[in-house]
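User: I'm new to this one and would like a walk through it. Can we start with how the strands pair up?

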Amino acid sequence: MKVFLKIITCAGSFIIFLLFVLFILGGGFMKQSYLEPWNKSYASKFTDPRVRLTAAGLLAANNHNMQPWKVKLDKEDPMVFYLFADSLRTTKEVDPLYRQMMITQGTFLEYVRVAGEKEGFQTEIAIFPEGEYEENDILSSMDKKPVAKITLVPAKQKESPLYSGIYLADTNRGNYKMEAPDSSQISQLLKLPDQDSLSIKLYTDHADLNKIGNYVMESATIEAGVTRAMDESNAIFRANEKEKNKYRWGFSVEGQGASGFKRYLLQGLITMFPSFNEGKGASDNFIHYTKTAVDHTAAYAVITTSTNTRTDQVLSGMLYSRMILTGHTMGLAMQPLSQVLEEYPEMKQPYDNFRNDYAGQDQTIQMLLRIGKPETVAPNSMRRDVMSIIME
């Protein structure tokens with residue numbers, strides 16, 4: 001009996017030691033510098049209002065958490081600044097036409113607009129003030145032409161009801177309660193488009209939930225089998241707190257639903273055994289988490305445009321940010337489901353089928369997302385230091 005107890009004690013001590021090692025490897029005691037921009041006091045340390053508003057824009061939803069924004073402050077006019085798309089932060093495998101990239105520019109602009117009201121400014125946003133990109137040389141064009149010129153006009157200071165939502169996680173990948181938004185909430189969301197070219201459609205009936213869910217799973221399975229697409233995502237995966245502090249952009253285990261003590265243990269495991277989140281392991285995880293999301297969704301929404309110009313794409317991003325922030329006021333969470341809308345060869349068939357089923361004639365679906373009441377609060381994701389996106 002004594003020998004047995006001694007074995008149990010040794011085994012227990014080893015397990016505790018192993019958990020402690022994983023916790024340390026995962027960065028359990030490390031300061032999370034990458035979360036500093038989420039603190040409301042972060043922006044206040046900058047005297048230039050343009051930098052403060054840029055810090056707010058930095059918190060917006062963005063493709064692959066690449067944070068592909070550059071901001072140029074006008075040297076002659078202290079009330080003017082320009083937003084550029086960062087051509088070095090593209091995700092060319094899953095976004096070869098740079099449509100998601102343009103939507104991401106819009107999400108930034110809407111956060112700036114909402115934060116501007118709190119600062120006492122009306123933000124006048126001129127999209128593509130020097131004209132849209134030259135499509136035959138688009139990356140070079142991104143570097144030369146601003147997405148938007150933002151002019152701050154002093155106005156009565158007021159706090160939009162959407163403002164506090166800026167500091168909440170823009171994406172919740174967790175489980176949603178199986179109850180759709182009520183008619184009042186749906187009505188409020190449907191009123192958000194402010195351009196004739198934009199529209200929102202919500203789907204809550206059983207047939208559409210099954211049909212859209214099938215599209216989501218089909219496209220996720222296809223992407224999981226496209227090595228170059230998965231490699232692109234794996235290359236920006238940050239395994240632990242040290243890497244997150246170093247890069248401050250990309251993916252991490254929080255996006256897989258890990259939180260608290262479990263997060264550090266999982267980070268420790270991946271740090272020790274990187275293959276857990278590479279190759280087949282990464283593909284299997286992706287499909288598993290997508291299936292879990294689909295099984296816990298009671299409403300989907302699509303954002304469509306009547307044309308598909310770069311301006312339309314930017315406006316779609318602004319609308320999506322309004323949806324996120326409005327959703328926060330109603331206790332609703334959202335998650336983009338981008339795969340079926342991605343424009344690479346392997347995705348063409350489901351893309352065409354989905355568009356035929358859920359877009360009107362000549363319409364483009366810019367976004368597909370799930371909407372619902374979250375079962376848990378989503379963690380905030382990595383954000384770069386605001387000065388790293390300010391151009392000289």
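Analyst: Val-302 has Leu-368 as its bridge partner in β8. Strands here are DSSP runs of E of at least two residues, and helices are runs of H or I of at least four, both numbered from the N terminus. This is a predicted model: local features need pLDDT of at least 70, side-chain atom pairs count only at pLDDT 80 or more, and totals for chains, interfaces and linings use all residues. Residues are numbered from 1 along each chain as its sequence is written, and side-chain values use heavy atoms, with hydrogens and water left out.

User: How many bridges join β6 to β8?

Analyst: Six bridges join strand β6 (residues 300-305) to β8, and the two run antiparallel. Two strands count as paired if DSSP finds at least two bridges between them.

User: And which residue in β8 is the bridge partner of Ala-333?

Analyst: Gly-372 is the partner of Ala-333. Strand β7 (residues 333-336) is joined to β8 by four bridges, again in an antiparallel run.

User: How many residues of β8 are buried?

Analyst: Nine of the nine residues of strand β8 (residues 364-372) are buried, so the strand is largely enclosed by the rest of the structure. Buried means under 20% relative accessible area, exposed means over 50%, and partly exposed is in between, with a 1.4 Å probe and protein chains only.

User: What is the strand order in the open sheet?

Analyst: The open sheet has five strands in the order β3-β4-β2-β1-β9, with mixed pairing. β3 (121-127) and β9 (390-391) stand at the edges with a single partner strand each, so one side of each has no neighbour in the sheet. Strand β1 (residues 69-73) runs parallel to β9 and is joined to it by two bridges. Val-71 stands opposite Ile-390 in β9.

User: Switching to the core. Which residues have the most contacts inside the largest one?

Analyst: Those are Ile-166, Met-323 and Ile-371, in a nonpolar core of 65 residues. Such a core is a set of buried Ala, Val, Leu, Ile, Met, Phe, Trp, Tyr and Cys residues joined through side-chain atoms within 4.5 Å. Helix α3 (residues 99-119) gives the largest share of this core, nine residues.

User: What is Ile-166 in contact with?

Analyst: Leaving aside neighbours within four places in sequence, the contacts of Ile-166 include Trp-38, Tyr-111 and Leu-325. Contact means heavy atoms within 4.5 Å. There is also a second, separate core of 17 residues, with Phe-354 among them.

User: How many aromatic pairs are there?

Analyst: The count comes to eight aromatic pairs. Rings of Phe, Tyr and Trp (its six-membered ring) pair if their centres lie within 6.5 Å; planes under 30 degrees apart count as stacked, over 60 as edge-to-face and the rest as tilted. Tyr-215 and Phe-354 have ring centres 5.2 Å apart and planes at 80 degrees, so they are edge-to-face. Tyr-215 is in helix α6 (residues 206-224) and Phe-354 in helix α12 (residues 348-358), so this pair ties together parts 139 residues apart in sequence.

User: Are Tyr-215 and Phe-354 buried or exposed?

Analyst: Both Tyr-215 and Phe-354 are buried. The rings of Phe-354 and Tyr-358 are 5.1 Å apart between centres with planes at 35 degrees, so that pair is tilted.

User: Last one: where does Pro-161 lie?

Analyst: Pro-161 lies in the loop between β4 (148-154) and α5 (183-190). At 65% relative accessibility, Pro-161 counts as exposed.
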